[in-house]
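Subject: A structure to look through

Hello,

I am passing a structure on to you, and I would be glad if you kept it open while you read the notes that follow it.

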Amino acid sequence: MNASADWEELVSTALVGTDRRPLPGEGTSEVELLGRAAVHTLRMRAGRRPVAPGEPPSLAAPEEQPEVSRAAGDRLARVLGGEQPRLLTEWLETAAGRGYRLSPHLLPELLDHAVRDRSIRPYLGVLAGNRGRWLAGLNPAWGFLLEEVTGVAVTGPATDSATDSGPTSQVWEFGTSGDRRVHLGELRAADPARARELLAATWEKESPDDRAAFLEALTTGLSLEDEPFLESALDDRRREVRHQAADLLTRLPGSRLALRMAERVARYLTVAGGEIHVDPPVTCDSAMERDGIRAKTPRGAGERGWWLQQAVARTPLGVWPRLLGRSPGELVRMRIVDWNREVMAGWVRAAVLQEDPEWALELFAWDPIADLLAALPRDRQEIVAADFVRRHGLDGQLIMVLGGAAAPWGPALATAVLQKIIDVSGTQPWNLGELTKLAGERIDPALHDMAGRLSPEPSIQEVAALLRFRDDMLKELTQ
């Protein structure tokens with residue numbers, strides 16, 4: 001009997017009971033059932049038969065990274081076992097950021113977890129080490145690991161071109177997509193022009209997905225020297241590539257795309273009588289589409305409003321004070337005749353895209369959303385978030401906005417959130433538990449003593465306990 005049929009028989013017998021459907025074999029039916037289940041489980045854990053019988057697989061390459069401490073590995077096992085499971089990502093991110101690798105016995109369970117949860121795969125590219133990559137080569141279900149960033153230099157046959165920029169150029173020639181993204185990003189940080197030239201040299205040979213991903217690296221050190229290359233990318237066959245290029249050009253006030261957008265919106269928006277008057281575009285021509293404006297409207301949106309919103313979003317924010325003669329704060333508070341929602345939505349998108357703190361602060365007062373909060377500098381972000389928590393009731397919006405506040409939260413925001421928990425704990429709103437978990441996951445874990453002393457309220461003590469758990473967890477990852 002094959003393994004699959006054997007397992008189906010075990011499951012069927014377990015469902016109806018061994019009294020009604022005994023298994024053949026010696027001993028009691030219950031013992032026989034459990035024994036066969038144990039054998040089947042062991043077979044599954046042992047793996048599968050090799051494709052070519054008699055040919056043993058190659059050995060895994062020696063490990064080059066330090067292994068996590070025993071205490072850290074034990075805590076990861078506890079998290080995987082169901083203790084504070086929401087902290088899995090923080091554990092993985094911290095360990096990967098320090099260049100550790102996992103203990104081999106943890107690899108199968110975590111790789112199986114990554115089959116279901118794609119978000120943790122980038123961390124496993126580092127943490128799995130050479131043993132994990134070796135396992136991925138034997139199990140197709142784990143094959144995704146072979147495309148993730150390793151964090152370890154890729155070696156390959158030497159070529160003349162590899163010597164032009166040093167040994168790490170081998171990563172660009174022979175590495176996975178993930179490794180090449182990291183290499184391009186590191187080169188971009190050190191030598192922006194050389195990184196752009198490297199990408200341009202292989203651009204036509206890259207896959208559409210890689211072209212879109214590689215363009216993100218140009219965000220670092222972005223300048224007008226990148227404009228000719230990005231302008232040419234506006235003609236790419238892949239929509240995602242065109243839009244990524246348009247996003248980058250939008251951040252360059254002197255780019256040709258920025259100038260074209262400024263000319264367009266000058267026809268759409270004017271100021272008269274202390275109001276902003278709007279005359280949206282009546283068509284979306286090929287030139288507008290090339291500059292990143294999508295002609296097809298989302299369900300429920302009008303064409304003219306949709307095109308207007310995109311044009312505003314792709315216009316450099318510095319254009320508006322010159323064009324309309326008002327400061328960002330004045331413009332946000334002015335009455336916009338007929339098309340207020342579309343113009344304001346465009347400005348919000350622009351402030352997020354261009355990471356403009358002045359506009360983000362003004363627009364947050366109009367539309368407090370997480371993306372605008374995230375666009376603020378870290379010190380200002382915490383002050384604005386703490387003030388919002390004090391003024392706003394506990395609802396879904398409050399929790400979503402706090403999602404834009406970068407962790408770890410410092411004393412000001414931590415105190416405001418903890419006080420909010422105390423204030424509403426007597427009413428027991430439906431989302432108090434979510435705010436409690438969020439506080440425990442985002443507050444600086446070094447503040448666990450402060451949180452514990454603040455109040456005997458059970459929700460506060462729950463936060464303090466989670467902070468202590470995280471504090472111990474992070475300390476173990478520094479050993």
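A residue is called buried when its relative accessible area is under 20%, exposed when that value is over 50%, and partly exposed in between. By that rule Q244 is buried, because its relative accessible area is 18%. You will find Q244 in helix α13, which covers residues 239–250, and, if neighbours within four places in sequence are left aside, Q244 is in contact with A212, L215 and E216. Please keep in mind throughout that this is a predicted model.

A262, in helix α14 (residues 256–268), counts as buried because its relative accessibility is 19%. Q84 belongs to the loop between α3 (70–80) and α4 (88–97), and with a relative accessible area of 34% it is partly exposed. E355 sits in the loop between α19 (340–354) and α20 (357–366), and at 53% relative accessibility E355 counts as exposed.

The whole chain

The chain has 479 residues, of which buried ones make up 45%, and its secondary structure comes to 27 helices and three strands. Taken along the principal axes, the C-alpha atoms fill a box of roughly 95 × 70 × 50 Å. If you consider the contacts between residues at least 6 apart in sequence, 64% of them join residues that are at least 24 apart. For a sense of distance within the chain, you could find A262 and D387, which are 125 residues apart in sequence and, from C-alpha to C-alpha, 35 Å apart in space.

The nonpolar cores

Which residues have the most contacts inside the largest nonpolar core? They are W320 and W347, in a core of 88 residues, and the element that gives the most to this core is α24, with seven residues. When residues up to four places away in sequence are not counted, W347 touches I276, V312, L317, W320, L331, V332, I336, W359 and L363. Apart from this core lies another, of 32 residues, which includes A95, L110, A136 and M473.

Two pairs of helices

Two packed helices are described by the angle between their axes and the distance between the axes. The crossing of α22 past α24 is left-handed. On the α22 side the contact involves E382, A385, A386, V389 and R390, and these meet P411, A412, L413, A416, V417 and K420 in α24. Sorted by class, the contact of α22 with α24 has eight nonpolar and three charged residues, and no polar ones.

The second pair is α25 and α27, which pack at an angle of about 30 degrees with their axes 8 Å apart, so that α25 is likewise roughly parallel to α27. In this pair α25 passes α27 in a right-handed crossing. The residues that make the contact are L432, T436, K437, A439, G440, E441 and R442 of α25, together with S459, E462, V463, L466, L467 and R470 of α27. By class, the contact of α25 with α27 has five nonpolar, three polar and five charged residues.

It is also worth looking at what is buried in helix α25 (residues 432–442), where the buried residues are L432, L435, T436, L438, A439, G440 and E441. What covers them includes α4, α23, α24 and α27 (458–476).

Some details of the backbone

Where in the chain is there a cis peptide bond? A bond of this kind joins A407 and P408, with omega at about 0 degrees, and P408 is found in the loop between α23 (396–402) and α24.

With best wishes

Definitions and conventions
Residues numbered from 1 in each chain as written. Predicted model: local features only at pLDDT ≥ 70, side-chain atom pairs only at ≥ 80, totals over all residues. Heavy atoms only, no water. Left-handed = near helix turned anticlockwise from the far one by under 90°. Helix = DSSP H or I, 4+ residues; strand = E, 2+ residues; numbered from the N terminus. Contact = heavy atoms within 4.5 Å. Nonpolar A, V, L, I, M, F, W, Y, C, P; charged D, E, K, R; others polar. Core = buried A, V, L, I, M, F, W, Y, C linked by side-chain atoms within 4.5 Å. Buried < 20%, exposed > 50% of the residue type's maximum accessible area, 1.4 Å probe, protein only. Axes fitted to C-alpha atoms, helices over the stretch in contact; angles between N-to-C directions. Parallel < 35°, antiparallel > 145°, perpendicular 65-115°, else oblique.
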